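Visitor: I have a structure open and would like to talk it through with you. Could we start with the loops and then move on to the strands and the interior?

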Amino acid sequence: MIKRQIETELHQLLTEYPVVTLLGPRQAGKTTLARHVLKNYDYANLEHPETRQYAIDDPKAFLAQFKGKVILDEIQRVPELLSYIQVAVDEKKSNGQFVLTGSHQLALRDAINQSLAGRTCILNLLPLSIAELTGSKLLFDSPEEYIFNGFLPRIYDQQQRPTTAYSNYYQTYIERDVRQLINLKELSLFEKFMKLLAGRVGQLMDYSSLANDVGVSAKTIKHWLSILEASFVIYKLNPYFENFGKRVIKAPKYYFIDTGLLVFLLGIEKPSQVTRDPLVGQLFENLVVMECLKSRTNQGKIANLYFYRDSNGNELDILFQQGRELIAFEIKSSSTYKTHLLKGLKKAAKLIPNISHSYLVYSGEERHFSNQLTALKYNQIGRVFE
């Protein structure tokens, strides 16, 4: 099993809270992590029809069968259990009693806030990071290989072919979950939407334009995007516009949580096609943005990631807010350093107050410059957030 960086935070939180809730995409490794780390815990999978029905019909008896600590998998399938879990933890008054996992955060977060406020903390487990793969000596020579292979643990544990794996992942989990959540009747429309969304990765979102191309309303597009975000399929990167007024663009950008799914939707079938794809810059950017996000979530921290763009065309791919300070990132798929790559960072440092350090993230070797500016190889970006 590939060691997950979030393990340290999981162990710590189990000493501080009665309940730890582990959220994340399907197949990201939530169950594997919980069962591997917590071998002394009982386990119940609420995806199993008989187990789920028992929990719905008689929640008290269902919970009473567990004499010790327990992992309840896919808790969003029986949210009614949360009120009974509240009663149980209040009676026992000890930490680490329950570990809950879930793959859809929208309704689940509301239910948790109502029933388990103050009794649980939430950890987000995303697919594998480059650092986690490196720690298990699973390394690639190029970003294109990471982008193509994606980061689902099963691909590496079972040596699955990425294109086939993501095709099955899309059909088995995404289509099923989304159809349940939005009561979708015309699957072809949603497939068209997903492919068009992939083609717009890392771009400013124009809801009306995407709606026109798909053939639905802008309201429907926003609803579908919210469901995909809540299901950990996509990640919304919001603009940073504090104290900048009307000059700043306020439309968000969307990225895919897993680049393997993204390239599958784009019809890419081998790593060499990533390099030749017109979207190679956005694909590389998606890879880096997700590495930043994983670095934060694996520490149990809020992302605090934004991008910056103003009406004059000045932009930064990522702004990381750390207290009162900002760390700026410019992402380029280039493997060769050239001085013009620093142009945007230098200009942004003059426009945006409180930037404490700036990073050019690319495929080349690390370089250090004056004025708190560093060129950093993409597979080392996790160091910035340690």
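**Loops, strands and interior**

Guide: Asn 354 lies in the loop that runs between helix 17 (343-351) and strand 11 (355-362). Bear in mind throughout that this is a predicted model.

Visitor: What is phi of Asn 354?

Guide: Phi of Asn 354 is near 75°, which is a positive value in a residue other than glycine. Most residues other than glycine have a negative phi.

Visitor: And where does Asn 371 lie?

Guide: Asn 371 lies in the loop between strand 12 (367-369) and strand 13 (373-377), and phi of this residue, again not a glycine, is positive at near 60°.

Visitor: Is Asn 371 buried or exposed?

Guide: Asn 371 has a relative accessible area of 70%, so it counts as exposed, the cut-off for that being over 50%.

Visitor: Switching to strands, how is strand 9 paired with strand 8?

Guide: Strand 8 (residues 305-309) and strand 9 pair in the antiparallel sense over 4 bridges, with Leu 316 of strand 9 as the bridge partner of Tyr 308. Their hairpin has 5 residues between the strands, and there Gly 313 takes a positive phi near 90°.

Visitor: What about strand 9 and strand 10?

Guide: Strand 9 and strand 10 (residues 325-331) run antiparallel and are joined by 5 bridges, and Gln 322 has Glu 325 in strand 10 as its bridge partner. The hairpin that these two strands form has 2 residues between them, and Gly 323 in the turn has a positive phi of about 65°.

Visitor: Why is strand 9 described as largely enclosed?

Guide: Of the 8 residues of strand 9 (residues 315-322), 6 are buried, so the strand is largely enclosed by the rest of the structure.

Visitor: What is Leu 72 in contact with, beyond its neighbours in sequence?

Guide: Leaving aside neighbours within four places in sequence, the contacts of Leu 72 include Phe 62, Phe 66, Ile 85, Phe 98 and Leu 100.

Visitor: How many cavities are there?

Guide: A search of the whole structure finds 4 cavities of 30 Å³ or more, and the largest cavity holds about 80 Å³ of space. Its lining divides into 7 nonpolar, 2 polar and 2 charged residues, among them Arg 26, Tyr 169, Asp 177 and Phe 232.

Note on methods. Residues numbered from 1 in each chain as written. Predicted model: local features only at pLDDT ≥ 70, side-chain atom pairs only at ≥ 80, totals over all residues. Heavy atoms only, no water. 1 Å grid on protein atoms, 1.4 Å probe; cavity = no way out; pocket = protein on both sides within 12 Å on 5 of 7 lines; lining within 4 Å. Points joined across faces, edges and corners; volume = space filled by probe spheres on them. Nonpolar A, V, L, I, M, F, W, Y, C, P; charged D, E, K, R; others polar. Contact = heavy atoms within 4.5 Å. Buried < 20%, exposed > 50% of the residue type's maximum accessible area, 1.4 Å probe, protein only. Pairing = 2+ DSSP bridges.
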